[in-house]
Amino acid sequence: MFHEITDSKLEHRKRRRTIVVAVLAALVVVAVIVGMVIRQNSREQGAMALRNSIANAAARCCAVEGSYPASLSYLEEKYGVVVNTQDYVVTYEAYASNIAPTVVVVPR
């Protein structure tokens, strides 16, 4: 049996198809934005965790050896601190052996 498709039915299908495409495009945009926000938050949390790890290792070194380490490489060698230099920029500044070092970790 043959059913004739009227202009109003064609217009209705076209409008519905446009709405579906627009909704799908909006969902893709939202998914991309959410992914970017999650990635940024995880990078910031990783930087904070690395900074805390370095500061805790420096305090442990001071408790064991009686002075803060002069360099980050000393903490890497003796206290097992692992620094991901590909994802983070780490600044470790030790002023004196009796003053806690300044540690700054920034995501790349």
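Ile-5 lies in the segment before α1. This is a predicted model, in which local features need pLDDT of at least 70, side-chain atom pairs count only at pLDDT 80 or more, and totals for chains, interfaces and linings use all residues. Residues are numbered from 1 along each chain as its sequence is written, and side-chain values use heavy atoms, with hydrogens and water left out.

**The start of the chain**

- Ile-5 touches Leu-10 and Arg-13, not counting residues up to four places away in sequence; contact means heavy atoms within 4.5 Å.
- Ile-5 and Met-48 are 43 residues apart along the chain, and their C-alpha atoms are separated by 63 Å.

**Helix α1**

- Helix α1 covers residues 7–65. Helices (H or I, at least four residues) and strands (E, at least two) are DSSP runs, numbered from the N terminus.
- α1 has 59 residues and reaches 86 Å from its first C-alpha to its last. That is close to the expected 87 Å, where the expected span is 1.5 Å times one less than the number of residues.
- Ala-31 is found in α1. Ala-31 is partly exposed, with a relative accessible area of 49%.
- The C-alpha atoms of Ala-31 and Val-20 are separated by 16 Å, and these residues are eleven apart along the chain.
- The buried residues of α1 are Arg-43, Ala-47, Leu-50, Ile-54, Ala-57, Ala-58 and Cys-61. Their cover includes α2, β1 and β2.
- Gly-66 follows α1 and has a positive phi, near 90°.

**A buried charge**

- Arg-43 sits in α1. Arg-43 is buried yet has no salt bridge, which would be a side-chain nitrogen of Lys or Arg within 4 Å of a carboxyl oxygen of Asp or Glu.
- The nearest side chain of opposite charge is Asp-87, 4.3 Å away. Lys and Arg count as positive and Asp and Glu as negative, while His and the chain ends are not counted.
- Arg-43 touches Asp-87, Tyr-88, Pro-107 and Arg-108, leaving out residues up to four places away in sequence.

**The largest nonpolar core**

- This core has 15 residues, of which Ile-54, Leu-75, Tyr-92 and Val-105 touch the most other members. A nonpolar core is a set of buried Ala, Val, Leu, Ile, Met, Phe, Trp, Tyr and Cys residues joined through side-chain atoms within 4.5 Å.
- α1, α2 (72–79), β1 (88–93) and β2 (102–107) each supply at least two residues of this core. The largest share, six residues, comes from α1.
- Leu-75 touches Ile-54, Ala-57, Ala-58, Cys-61, Pro-69, Gly-80, Val-81 and Tyr-92, again leaving out residues up to four places away in sequence.

**An aromatic pair**

- A search of the whole structure finds one aromatic pair. The rings of Tyr-74 and Tyr-79 have their centres 6.5 Å apart and their planes at 50°, so the pair is tilted.
- Rings of Phe, Tyr and Trp (its six-membered ring) pair if their centres lie within 6.5 Å; planes under 30 degrees apart count as stacked, over 60 as edge-to-face and the rest as tilted.
- Tyr-74 counts as partly exposed at 26% relative accessibility, whereas Tyr-79 counts as buried at 19%.

**The loop between the strands**

- Ile-99 lies in the loop between β1 and β2. Ile-99 counts as partly exposed, at 43% relative accessibility.
- Ile-99 and Arg-51 are 48 residues apart along the chain, and their C-alpha atoms are separated by 17 Å.

Technical notes. Buried < 20%, exposed > 50% of the residue type's maximum accessible area, 1.4 Å probe, protein only.
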